[in-house]
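Here's a quick tour of a two-chain model. Let's start with one annotated site, then move on to where the chains meet.

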Amino acid sequence: MRLVIQDTYDDVSLWAAKYVKRRIIDFSPGPDNFFTLGLPTGSTPIGMYKKLVEFYKDGSLSFKYVKTFNMDEYVAIPRDHPESYHSFMWNNFFKHIDIDPQNAHILDGNAKDLIGECNAFEEKIKNAGGIRLFIGGIGPDGHIAFNEPGSSLVSRTRVKSLAQETILANARFFDNDLSQVPTQALTVGVGTVMDADEVMILITGAHKAFALHKAIEEGVNHMWTVSAFQQHPRTIFLCDEPATNELRVRTVKYFKGLMELHNKMLEEAV
Amino acid sequence: MAPSSAKGHGYLYQYTNCRILRDGKIIREDLWVRDGRIMNPEVLFFVEKVNADQRIDCDDLIIAPGLIDVQINGGYGYDFSTESQVEEGIKRVSQGVFACGVTSFCPTVITSPPHVYKKILPKIKKRNGSKEGAGILGVHVEGPFIDQEKRGAHPQQLIRDYDNGFQDVLDVYGDLSNVAMITLAPEKQNTPEVIQEFCKRGIVVSVGHSNANLIQGEEAVRSGARFITHLFNAMLPFHHRDPHLVGLLTSDQLPQNRKVYYGLISDGIHTHPAALRIAHRVHPEGIVLVTDAIQATFLPDGTYPFGEQTVVVKGKHSYLKDTNTLAGSLASLDDCVRLFAKETGCGPELALEAASLHPAQMLGIADKKGTLNFDSDADFIMLDNDLNVKSTFISGECVYKAK
């Protein structure tokens with residue numbers, strides 16, 4: 001596991017975007033050789049998406065030969081609802097870049113057969129040759145995608161009922177009308193993300209500090225699902241200073257000492 | 001930059017590197033067009049999963065809905081109220097207005113005798129715009145049911161009343177199927193019945209060329225009138241004990257949710273900039289910029305015989321020969337938009353909407369015209385930051401490009 005510590009949220013966003021760009025370019029994707037990318041939604045990755053869009057606009061990065069798979073989507077809200085993850089991805093990323101719509105995969109929360117939709121998503125990932133790089137964020141309770149505390153650490157893509165707390169918290173996005181708030185979501189499983197060649201988890205802000213501590217300084221625990229990635233051979237946790245508040249000084253010092261090495265990962269291969 | 005002609009059925013254009021006017025804001029957004037309609041790119045992406053066939057770089061221009069002029073009397077020396085000139089006039093003017101960013105208009109016929117209406121009106125058919133000319137939304141019949149004193153340039157002897165109600169109206173115009181709107185003086189007897197009959201036929205009633213007081217104006221609006229013809233012009237002026245028709249802008253005696261729209265000739269001549277500002281401050285969402293342009297419009301400077309009158313055109317002014325009497329407006333609608341923005345400081349959004357969205361709303365066609373909303377007709381214009389028209393598109397087809 002690597003822990004990359006940057007000063008601020010903006011630095012995290014830039015580092016993450018540069019890393020994605022480096023991985024895509026080094027892969028030299030082409031018509032018969034697509035780079036596969038797993039993508040998150042939420043407030044944390046917005047800055048990274050902005051930077052990736054900038055890279056596309058300045059001509060240094062293309063998504064023409066990239067396939068994307070999103071982590072999750074609510075069940076039974078209109079696709080174009082402002083809170084849907086389709087809308088998020090459209091507004092923050094897809095509409096600004098050159099990705100082929102055929103290659104952008106998001107779970108359909110309005111599918112008639114939700115289980116079938118989840119199984120088909122796993123199948124699509126498999127047919128694309130698996131995910132090269134899965135990017136995730138986490139909640140303050142350490143959940144990744146909608147794998148809330150207690151989720152199986154070998155879970156696959158499936159229908160999840162949302163925690164009452166999550167439903168209440170979401171009410172503000174739905175005119176404070178609880179009947180409008182989605183109660184279920186489709187989500188990739190922890191196991192689905194674990195299968196990726198490489199995983200990068202973004203964690204920013206002091207409110208995520210305890211979750212980061214639980215993720216990397218204690219044992220693997222299904223109550224902090226992101227801790228599962230301790231067992232993944234190639235995982236980068238990427239955080240800002242405030243998110244390190246609950247870490248041991250020794251942990252922080254150790255990983256900061258490795259920053260030179262980490263930054264080499266952004267450089268062009270010789 | 002833009003293609004000269006639209007490609008075949010199903011061809012998808014993405015206008016990019018532009019700012020578009022939508023929902024009252026100028027936002028950085030691409031405009032997607034297919035088969036002459038504005039498309040929702042989110043649906044194209046997630047449902048149809050298709051890419052644009054052609055991406056067009058717009059050099060950071062503003063894209064706004066095509067302009068709509070609901071009061072234009074002629075141009076190039078042709079007068080829509082003269083039977084022998086109307087066909088050629090429509091042809092010439094409907095192409096000439098492309099350069100002004102106008103994509104549809106209401107040819108306006110002033111007070112004429114019944115036999116002339118019966119010949120002219122059938123010749124001005126409603127039609128969609130195309131390379132051949134801007135769309136025709138229907139005729140604006142201005143008169144003959146107007147007030148003698150406020151007739152302006154309308155011929156006095158042809159002015160009429162409808163003492164026998166709507167039958168008089170039918171007797172004068174004959175077939176109304178090509179008519180989109182009518183200007184009448186609401187103080188006339190039988191006005192409520194006449195307005196209701198027009199409304200039943202989907203024809204917009206405008207009050208104007210009138211001596212009406214505010215109460216008569218309010219009664220007309222309650223009967224269904226929804227427009228005021230060239231506010232301030234050809235009506236009694238605002239008075240604090242009877243604001244007359246101008247008072248409709250702030251009346252509290254109108255049906256709820258009924259918006260009154262009003263025409264403004266913001267050519268810098270027919271309406272004083274201070275009057276433009278007054279109207280803008282009290283009722284911005286009702287403004288409809290109109291040109292009221294006459295047949296001398298689009299002609300080079302010179303002296304022209306029009307019927308019994310001789311008109312001198314000099315720059316943006318037209319006079320009756322050897323007098324200081326204004327012969328009418330020579331304004332182009334894009335000039336009016338720029339002048340209105342400058343004089344009122346209202347910002348480009350409102351100035352453009354006052355010549356696109358508002359007239360479309362007033363005519364009840366805002367689901368198809370006057371906006372860049374999804375599914376609307378792809379009638380749009382590209383403008384620079386000073387609101388100069390750089391190109392004009394009708395149904396997605398480029399019909400004008402500035403040199």
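Helices (H or I, at least four residues) and strands (E, at least two) are DSSP runs, numbered from the N terminus. With that in hand, R241(B) sits in the loop between strand 16 (227–228) and strand 17 (261–264) of chain B. This is a predicted model, where local features need pLDDT of at least 70, side-chain atom pairs count only at pLDDT 80 or more, and totals for chains, interfaces and linings use all residues. Residues are numbered from 1 along each chain as its sequence is written, chains are lettered from A in the order in which they are written, and side-chain values use heavy atoms, without hydrogens and water.

R241(B) is one of the residues that UniProt, in an unreviewed entry, lists under "binding site", along with A153(B), N233(B), A234(B), H270(B), L326(B), A327(B) and G328(B). Such annotations may be inferred rather than shown by experiment. The set spans 176 residues in sequence and its farthest two C-alpha atoms are 32.4 Å apart, so the residues do not all gather at one spot.

Now for the interface of chain A and chain B:

| Feature | Value |
|---|---|
| Residues in contact (heavy atoms within 4.5 Å) | 13 of chain A, eleven of chain B |
| Salt bridges (side-chain nitrogen of Lys or Arg within 4 Å of a carboxyl oxygen of Asp or Glu) | two |

One salt bridge joins the side chains of K95(A) and E29(B), at 2.8 Å, N to O.
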